[in-house]
Amino acid sequence: MKILVSIPVHEKPEVINDLILNIRKFVKNSVIVLHISNSFYGKYNENDIIHDDDVLINPEHLITSWGNIYTTHISNFIYAKKSVEFDYILLQASNDMFVRSGIEEYICKYDAGFNRRIIWQDDSLWWPAACAVQDIALKKIMNYCGVTRIVASQVEGSFYKKDVFEYIVNVLECVITKDDILKFNFYGREEVYYSTIASKVVDFQKC
């Protein structure tokens with residue numbers, strides 16, 4: 001089993017290199033794909049970052065900011081799918097670190113792993129809930145998938161079997177337009193979109 005570790009890069013090369021070495025130590029048989037933010041890309045050379053057959057640098061450099069990260073993991077997935085074979089995608093951040101091994105033994109038991117924070121209304125104690133409930137793009141996603149509840153999850157550490165994440169990507173590409181994103185306030189869409197779509201195809205008893 002091979003795990004694709006998807007990382008949006010917002011740190012200096014030496015930080016990313018430490019993370020790459022950390023993943024190589026603790027996550028067996030993994031391949032890493034890095035998305036370097038457009039605002040960071042011009043500040044250092046790609047050669048400053050470790051990259052080889054097991055560390056890919058996505059040639060697309062999207063403009064990223066808080067609340068506008070979900071497209072980077074999609075871009076990483078699409079690029080990696082053309083370059084390497086893998087069974088799962090694990091979503092991480094560039095300031096995360098592993099402290100023990102064994103993650104692949106856990107991941108292989110499930111089709112996906114994410115939190116199941118159900119958002120029914122905009123008076124949730126989690127402040128982005130109000131944004132999610134009012135998000136027209138999210139309503140389009142839910143109508144397309146035939147789901148009636150918003151499922152929220154932190155993105156770091158969540159994982160999806162390849163075909164499950166491919167379904168997520170296909171839904172977002174079919175449903176979401178640039179206008180949908182531009183006309184609505186930013187919030188952590190990656191904490192809502194992925195998990196809500198996945199709830200359509202993943203047995204909740206296994207998450």
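Helices and strands are DSSP runs, numbered from the N terminus. In this predicted model, Asp54 lies in the loop that links helix 2 (38-41) to strand 3 (55-57). Asp54 has a relative accessibility of 35% and therefore counts as partly exposed. Leaving aside neighbours within four places in sequence, Asp54 is in contact with Arg24, Ser30, Val31 and Ile32. Arg116 is 62 residues from Asp54 along the chain, and the C-alpha atoms of the two are separated by 32 Å.

Asp53 also has its place in the loop between helix 2 and strand 3. Its relative accessible area is 67%, so Asp53 is exposed; the cut-off for that class is over 50%. Not counting residues up to four places away in sequence, Asp53 touches Val31 and Val84.

Asn29 lies in another loop, between helix 1 (13-26) and strand 2. With a relative accessible area of 47%, Asn29 is partly exposed. Most residues other than glycine have a negative phi. Asn29 has a positive phi, near 50°.

Two packed helices are described by the angle between their axes and the distance between the axes. The axes of helix 3 (residues 70-83) and helix 7 (residues 162-175) cross at roughly 120° and come within 11 Å. Helix 3 is therefore oblique to helix 7. Their crossing is left-handed. On the helix 3 side, the contact is made by Tyr70, His73, Ile74, Phe77, Ile78 and Lys81. Helix 7 contributes Lys162, Phe165, Glu166, Val169, Leu172 and Glu173. By class, this contact of helix 3 with helix 7 has seven nonpolar, one polar and four charged residues.

Helix 7 also packs with helix 6. The angle here is about 120°, and the axes are 10 Å apart. Helix 6 and helix 7 are therefore oblique to each other. The crossing of helix 6 with helix 7 is right-handed. Lys140, Ile141, Tyr144 and Cys145 in helix 6 meet Tyr167, Val171, Leu172, Cys174 and Val175 in helix 7. The residues of this contact divide into eight nonpolar, no polar and one charged. Leu172 takes part in the contact with helix 3 and in the contact with helix 6.

The largest nonpolar core has 45 residues. Ile141, Tyr160, Phe165, Leu172, Val192, Tyr193 and Tyr194 touch the most other members. Two or more residues each come from strand 2 (30-36), helix 3, strand 4 (88-91), helix 5 (128-134), helix 6 (136-145), strand 7 (150-152), helix 7 and helix 9 (193-198). Helix 7 gives the most to this core, with seven residues. Leaving aside neighbours within four places in sequence, Phe165 is in contact with His73, Phe77, Ile89, Leu91, Tyr160 and Tyr194.

Methods:
Residues numbered from 1 in each chain as written. Predicted model: local features only at pLDDT ≥ 70, side-chain atom pairs only at ≥ 80, totals over all residues. Heavy atoms only, no water. Axes fitted to C-alpha atoms, helices over the stretch in contact; angles between N-to-C directions. Helix = DSSP H or I, 4+ residues; strand = E, 2+ residues; numbered from the N terminus. Parallel < 35°, antiparallel > 145°, perpendicular 65-115°, else oblique. Left-handed = near helix turned anticlockwise from the far one by under 90°. Contact = heavy atoms within 4.5 Å. Nonpolar A, V, L, I, M, F, W, Y, C, P; charged D, E, K, R; others polar. Buried < 20%, exposed > 50% of the residue type's maximum accessible area, 1.4 Å probe, protein only. Core = buried A, V, L, I, M, F, W, Y, C linked by side-chain atoms within 4.5 Å.
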